[in-house]
Amino acid sequence: MDAEASPSRPLATHLRGALQACRGAWSHAAKLALDIALPTLCVACREPVDGEGVCAICWAKLSFIAPPFCPRLGIPFIYDPGPGLLSMEAISDPPAYARARAAVRYDDVARTLVHALKYQDRTDLAPAMGRWMARAGRELLDEADLLIPVPLHWRRGWSRRYNQSGALARAIERQSGVKVASEALWRVRPTQQQIGLSRSQRASNVQGAFKVAADRQHRIQGRRVVLVDDVLTSGATVDACARALLRAKAASVDVLVFARVVDAHKATI
Ligand SMILES: [Zn+2]
């Protein structure tokens, strides 16, 4: 029978419409009830907030890194030294990776976000953090073939349930379309936490800690890789990762982090 000719059709349409309206009203009411029961709080100051993890006041306190900065390390310059000029750090102690970029300076609000993502299971923060990172790393991502999150040792991964760098990498993948290859790089031995270690201790702590498994080398060879991590302090961890990827014949390795520690005294040239 032709559906248009069915006498029951107007009634069915009416009922369907009423049901949908009911459903819409119910889901709206349910959402409202949830919002009242569980207001979203700013992750930094705990004030109620609309939408994403930080309120407008805390967002304004984040120090987004913008040019001028060192084209190699991404360290912000106070004065623009002109195109192509590198920071003293990039000249005196060049890293294994080609370029590093960070969304924000590692200050109080940035630290709160990083800790919430890392230790409090606030994976809901990853999309916003990843969006800021994708913007800061656009130049790198435009040329990239793969995103590789800095891996945790499996023992730490188990106890924490997920890798915060992996969560950020997946958010950047959604923004940029560059694919995540999270199984390619391995942390082959557990390392001491880098907190409290000197620069040279940090470097020796992570030396030889990362490896590309022989059966994964084909995924790295000839590829332009962007390493993803939450924080860049001395750069020792990403440097050790970059060395492992270059040994596996990556065409290039760049680094994209959410926040980087900026030493105010060394920020100028
Ligand atoms: Zn706030």
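Here are a few exercises, with worked solutions, on a predicted model.

**Exercise 1: the zinc site**

Work out which atoms hold the zinc ion, and what geometry they give.

*Solution.* Start with the donors: the zinc ion is coordinated by the SG atoms of Cys-42, Cys-45, Cys-55 and Cys-58, at 2.2 to 2.4 Å. Now look at how these residues sit in the sequence: the spacing reads C-x2-C-x9-C-x2-C. Next, take the angles among the four donor atoms, which run from 105 to 116°. Four donors count as tetrahedral if all angles lie between 85 and 135 degrees, so the site of the zinc ion is tetrahedral.

**Exercise 2: aromatic pairs**

Find the aromatic pairs in the structure, then classify the pair of Trp-59 and Phe-64 and that of Trp-132 and Phe-258.

*Solution.* A search of the whole structure turns up three aromatic pairs. One of them joins Trp-59 and Phe-64, with 5.4 Å from centre to centre and 45° between the planes. Planes under 30 degrees apart count as stacked, over 60 as edge-to-face, and the rest as tilted, so this pair is tilted. As for cover, Trp-59 is partly exposed because its relative accessible area is 41%, and Phe-64 is partly exposed too, at 30%.

Now for Trp-132 and Phe-258: their ring centres lie 6.2 Å apart and their planes meet at 25°, so the pair is stacked. This pair links distant parts of the chain, with Trp-132 in helix α5 (residues 126-136) and Phe-258 in strand β7 (residues 252-260), 126 residues apart. Both Trp-132 and Phe-258 are buried.

**Exercise 3: a nonpolar patch**

*Solution.* The patch is made by Leu-86, Met-88 and Ile-91. Then check its cover. Ile-91 has 53% relative accessibility, and because exposed means over 50%, Ile-91 counts as exposed.

Terms used
Residues are numbered from 1 along each chain as its sequence is written. This is a predicted model: local features need pLDDT of at least 70, side-chain atom pairs count only at pLDDT 80 or more; totals for chains, interfaces and linings use all residues. Side-chain values use heavy atoms; hydrogens and water are left out. Patches are made of residues with over 30% relative accessible area and no salt bridge: like charges are joined within 9 Å, nonpolar side chains (Val, Leu, Ile, Met, Phe, Trp, Tyr) within 5 Å. Accessible areas come from the Shrake-Rupley method with a 1.4 Å probe; for residues, only the protein chains shown count as cover. A salt bridge is a side-chain nitrogen of Lys or Arg within 4 Å of a carboxyl oxygen of Asp or Glu. Buried means under 20% relative accessible area, exposed over 50%, partly exposed in between (1.4 Å probe, protein chains only). Donors are N, O and S atoms within 2.8 Å of the metal (3.2 Å for Na, K and Ca); water is not among the atoms, so sites may look incomplete. Four donors count as tetrahedral if all angles lie between 85 and 135 degrees; four count as square planar and six as octahedral if opposite donors are over 155 degrees apart and all others between 65 and 115; anything else is irregular. Rings of Phe, Tyr and Trp (its six-membered ring) pair if their centres lie within 6.5 Å; planes under 30 degrees apart count as stacked, over 60 as edge-to-face and the rest as tilted. Helices (H or I, at least four residues) and strands (E, at least two) are DSSP runs, numbered from the N terminus.
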